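Subject: Handover of a two-chain model

Hello,

I am passing this structure on to you.

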Amino acid sequence: MNWLRRLIHHRADEIHEEIECHLEMRAAMNAEMGMPPAEARSRARRAFGNAALIEEDVRRIHALPWLGSVAQDIGYALRCFGRSPGFTLAAVLTMALGIGAATAVFSVVDRILFRALPYPDAGRLVSVGMLAPAADTNEFLPVEAYLMFRRRQTPFVRMASFAFTSGCDLTETNPVRLRCTQVDADYLTTFGIRPIVGRNFTPGEDVPGGPKVALMTYGLWMSRFAGDRGIIGRTLAVDGQPITVIGVLPRDFELFNLSPTDLLVPAVLLPNQSGRVVRAFGRLKPGVTAGQARAALAPLFEESRRAMWAPFRSGASLVVRPLRDRQVWTVRATSWTLAIAVALVLLLACANVANLLLARAAGRRREMAVRQALGASRARLARQTLTESLLLALGGALAGCSLAWALLRFFIAIAPDGITRLDQASLDARVLAFAAAISMAAGLFFGLAPALQAETNVRAAGLVRHGLITAQIAGSMVLLTGAGLLLRTLWSLERVPLGMDTERVVAAHFVLSRGYTPARSTAFFDQLEPRLNRMPGAAAAAISDSLPPYGGIMATPYSLLNVEGRPRLPEGAGGMAGYRTITPGYFAVLGIPILRGRGFRQQDRAPGAAAIVLGEALAKRLFPHEDPIGKRMFQSPDGAWHTVVGVAADVRNNGLTAPQSLEYYLAANHSLGNAAYVLVRSPLDPQAVAKMLRTQIAGLDASLPVDVQTLRERVGKLTETPRFSAFLLSGFAGAGLILAAIGIYGVIAFQVNQRAREIGVRTALGATPSDVAKLFLWDVGRWTGAGLVLGLAASLAAQRLIATLLVVARGNGRWTFVAAAAILSGVALAASYIPSRRAARIDPARTLRTE
Amino acid sequence: MASSLERTLDLLILKTLHGGAHHGFGITVPIQSVSEGLVRVEEGSLYPALDRLERAKLVKAKWQTTPNGRRARVYSFTAAGRKRLGAAEESWTALARGVGKVLRFAS
């Protein structure tokens with residue numbers, strides 16, 4: 001405050017010195033004229049007039065008037081807070097809780113929902129493609145369709161495509177596995193990205209036989225080449241091929257799907273590459289909306305659909321959506337839910353502080369009256385209370401930001417992988433500005449009530465207080481039901497039967513490097529299998545190309561699964577059926593029961609054996625009234641049939657929420673290509689098994705990166721995101737409940753104090769303690785009831801939002817609402833019980849005497 | 001709007017400074033002698049006036065050491081102050097002349 005003091009008092013101190021100087025000069029002159037010193041001095045003073053008054057005049061002008069009185073307000077408010085530390089601490093902590101939670105959540109959802117993507121004019125970037133539920137959860141375009149779209153589209157300035165990101169090996173001294181991304185030459189231009197060094201691709205570089213060139217990411221440039229600008233024009237050996245580096249991407253470059261990458265290489269796209277798909281993007285022309293673009297592309301889509309593979313054709317639809325939606329769709333609902341939940345917590349906190357301030361204002365009515373009598377204007381008094389509220393909000397904001405910092409660390413620590421952009425969340429200037437803004441808004445919000453109420457009547461104040469309680473109960477109700485619904489869903493999700501036994505199974509996943517020739521990978525798998533079977537403590541081992549319960553299952557159109565002696569199904573009928581290629585141990589390792597026939601044996605793996613095991617659902621669909629064992633089906637293009645040898649129980653394949661899909665199994669011959677899962681069931685400690693598995697694989701290829709996890713962990717990942725949301729929402733609901741309880745307690749306690757005299761009279765006139773307690777409980781009951789009704793209505797609306805969070809929110813959650821209402825009523829009664837009891841025990845003699 | 005007394009005092013101060021820079025006490029003496037006691041003001045009222053002029057940027061002030069070794073705040077004209085003085089003198093002369101004519105006519 002020293003600088004403030006100096007600012008205000010600088011000129012004023014000068015005037016003091018100046019006046020002193022004047023007086024001395026006049027006195028000296030008087031003395032020269034022959035007066036005695038004392039008289040000379042007093043005459044000087046008399047001639048000057050009232051020095052103190054003049055000094056004060058000048059001082060008042062210079063102490064910026066508003067600054068002066070604001071400083072006065074602040075000083076006064078701080079003294080008041082100092083006198084009631086309990087109140088101050090409660091208010092600041094409540095605000096800190098609200099602001100801290102809101103800020104932490106904002107720092108996370110801001111990146112997801114609001115902050116601009118790191119592309120210029122990113123609002124005009126859209127993802128374009130067809131959505132075929134059978135194929136992928138995101139839109140894509142077959143290469144042929146993309147090329148046609150690009151040639152004939154009208155709504156975009158330009159279109160671009162991304163083919164895929166895959167592993168590639170930098171085969172130089174010090175070889176390293178990199179991630180290479182194939183994009184077409186227009187990708188960077190469309191996104192508005194410019195290389196910081198070197199140049200972009202040119203149109204001649206994504207055609208067949210074009211020069212082999214690559215753009216390097218900033219990260220790779222720094223880590224491997226120490227930011228050397230001489231890298232431009234240098235030739236790297238990638239997968240044994242020479243590739244010339246033509247540029248370096250900016251530091252903040254990110255792919256549309258945020259996946260990490262090291263090199264961008266041109267994708268060569270040709271119309272005859274049937275079966276190949278790309279992700280396509282467009283930059284909208286100015287003024288064109290995504291909806292208009294979709295309409296403009298519809299005829300092209302219809303045309304390309306006709307040429308499409310039949311199984312896709314029926315369900316496919318055209319999608320044109322903003323890039324942000326493409327990126328964050330899966331976490332959008334979560335983000336909104338958390339944002340709304342935390343806004344509710346903040347409102348509850350504000351309501352609490354407003355109630356505290358109201359109670360305090362009632363206690364200070366006398367003080368305010370005195371100040372008004374001494375000449376303070378109503379506006380001035382209102383400003384004083386507002387200053388106090390803002391100071392409380394400021395204190396809350398400071399404490400809240402520290403809390404937010406801790407909470408954010410905590411969120412990041414407990415969050416599951418794959419929450420988009422969570423790792424980027426931090427308390428930067430934008431987030432702090434948000435915290436400051438909500439604190440100001442909160443301060444104004446909860447300060448307004450007492451500021452206006454300073455004059456209005458007691459009844460209105462009581463109404464406001466009770467209204468706040470009602471609002472708190474309603475808000476808590478929404479939070480509680482939301483958390484309850486999420487928890488219920490989570491509970492049911494974790495009990496979805498998987499159709500397999502995940503206990504004591506360890507899974508390892510690896511992708512062989514590109515250096516593996518087919519012969520070498522066959523040799524690799526041939527050696528791996530006996531090694532697994534010899535592993536000490538392994539009860540069963542298997543290799544497969546994919547694993548339940550999610551991700552990466554291969555699929556064929558159902559219509560190709562023809563049965564011998566029956567007419568072929570029409571092309572495209574019946575959707576898709578998934579299949580896995582497995583070794584014989586698979587069913588034993590995963591504990592999947594064989595319902596009929598048998599599982600695979602070694603002889604089923606011989607070339608030409610062609611055995612097939614059907615999943616139960618598929619078997620029922622193909623052979624509804626007959627025994628499938630021994631039937632011949634699924635003719636290969638060369639005319640050979642597969643023989644059904646067994647039927648296995650169904651296993652969850654599409655995560656926990658999607659409907660069960662059809663599935664069959666093929667016996668692996670000796671190579672599984674370049675990627676596989678290894679499964680081991682063992683009674684030993686999973687960590688030890690994981691270590692042994694690594695050793696076995698390293699014994700074959702020491703440089704092969706292996707991803708090992710227990711099957712339990714893998715299944716647990718499915719419920720991580722709902723668990724995360726449920727956990728956070730429960731936390732907020734808990735905070736809301738505590739706030740509501742404190743609010744009710746505060747209001748009732750205050751009322752008991754206010755009405756002590758009335759209670760005394762009642763008791764004196766014969767009211768029993770229970771009559772008195774009932775008086776207050778009835779009061780709380782009414783307002784809580786109103787809050788519950790309001791909360792119920794709001795919860796029903798919120799339930800829809802929650803339902804988008806998770807596909808299953810089974811049933812209508814009636815019991816969740818009942819439970820939430822019961823909990824809240826209980827808390828409200830408990831919170832009002834203590835002060836009500838105190839009221840009941842008021843000694844009439846003593847209260848009446850104090851008056 | 002400043003009162004006519006304030007304006008008169010401002011004009012007197014500016015006129016005094018026309019003769020050269022002065023400290024506060026140094027301004028008081030000439031005002032009292034020049035106006036021959038016709039304008040009697042408390043010496044103190046000079047300071048709010050000086051402060052007002054300073055804030056209006058008509059005068060500027062600087063702490064200096066007087067010949068007899070005392071620290072004093074010395075005031076001088078600014079360009080704006082000079083202009084204001086010219087304008088004020090003119091309007092004052094015009095007013096005085098006008099008032100003079102009216103008085104003569106009336107008599």
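The notes below cover the cores, the strands and the contact between the chains.

This is a predicted model, in which local features need pLDDT of at least 70 and side-chain atom pairs count only at pLDDT 80 or more, while totals for chains, interfaces and linings use all residues. Residues are numbered from 1 along each chain as its sequence is written, and chains are lettered from A and ligands numbered from 1 in the order in which they are written.

Cores

A nonpolar core here is a set of buried Ala, Val, Leu, Ile, Met, Phe, Trp, Tyr and Cys residues joined through C-beta atoms within 7 Å. Buried means that 20 or more other C-beta atoms lie within 10 Å of the residue's own, with C-beta atoms placed from the backbone. The largest such core has 97 residues, and A:M95, A:A101, A:V345, A:L346, A:V353 and A:F732 have the most contacts inside it. Its main contributor is helix α11 (residues 323-363) of chain A, with 19 residues. The core lies between domain 2 (68-121 + 327-456) and domain 4 (459-494 + 719-851) of chain A, because both give residues to it; the domain bounds come from an automatic or database domain assignment. Leaving out residues up to four places away in sequence, A:V353 touches A:A91, A:T94, A:M95, A:L392 and A:F446. Another core, of 62 residues, lies apart from the 97-residue one; among its members are A:A132, A:A163, A:L264 and A:L297.

Strands of chain A

Helices (H or I, at least four residues) and strands (E, at least two) are DSSP runs, numbered from the N terminus. Two strands pair if DSSP finds at least two bridges between them. Strand β8 (residues 241-248) of chain A pairs antiparallel with β5 (residues 197-198) of chain A through two bridges, and A:G198 has A:G247 as its bridge partner. Strand β6 (residues 213-216) of chain A runs parallel to β8(A), with four bridges; A:V213 is partnered there by A:T244. Strand β7 (residues 235-238) of chain A is antiparallel to β8(A), also over four bridges, and A:L236 stands opposite A:I243. β7(A) and β8(A) form a hairpin with two residues between them, and A:D239 in the turn has a positive phi of about 50°.

Chain B

Chain B has four helices and three strands, in the sequence pattern α-β-α-α-β-β-α. Of its 107 residues, 22% are buried. The three strands make an open antiparallel sheet in the order β1-β3-β2. β1 (22-23) and β2 (59-65) of chain B are at the edges with a single partner strand each, so one side of each has no neighbour in the sheet. β2(B) is joined to β3 (residues 71-77) of chain B by seven bridges, one of which pairs B:Q64 with B:A72. Helix α3 (residues 46-55) of chain B lies across β2 and β3 of chain B, at about 115° to β2(B) (axes are lines fitted to C-alpha atoms, for helices over the stretch in contact, and angles run from 0 to 180 degrees between N-to-C directions).

Where the chains meet

In total, 17 residues of chain A are in contact with 12 residues of chain B, contact meaning C-beta atoms, placed from the backbone, within 7 Å. On the chain A side, α1 (2-32), α2 (37-48) and α3 (51-62) each give two or more residues, and α1(A) gives the most, with eight.

Regards

Methods:
Contact = placed C-beta atoms within 7 Å. Buried ≥ 20, exposed ≤ 12 C-beta atoms within 10 Å, placed from the backbone.
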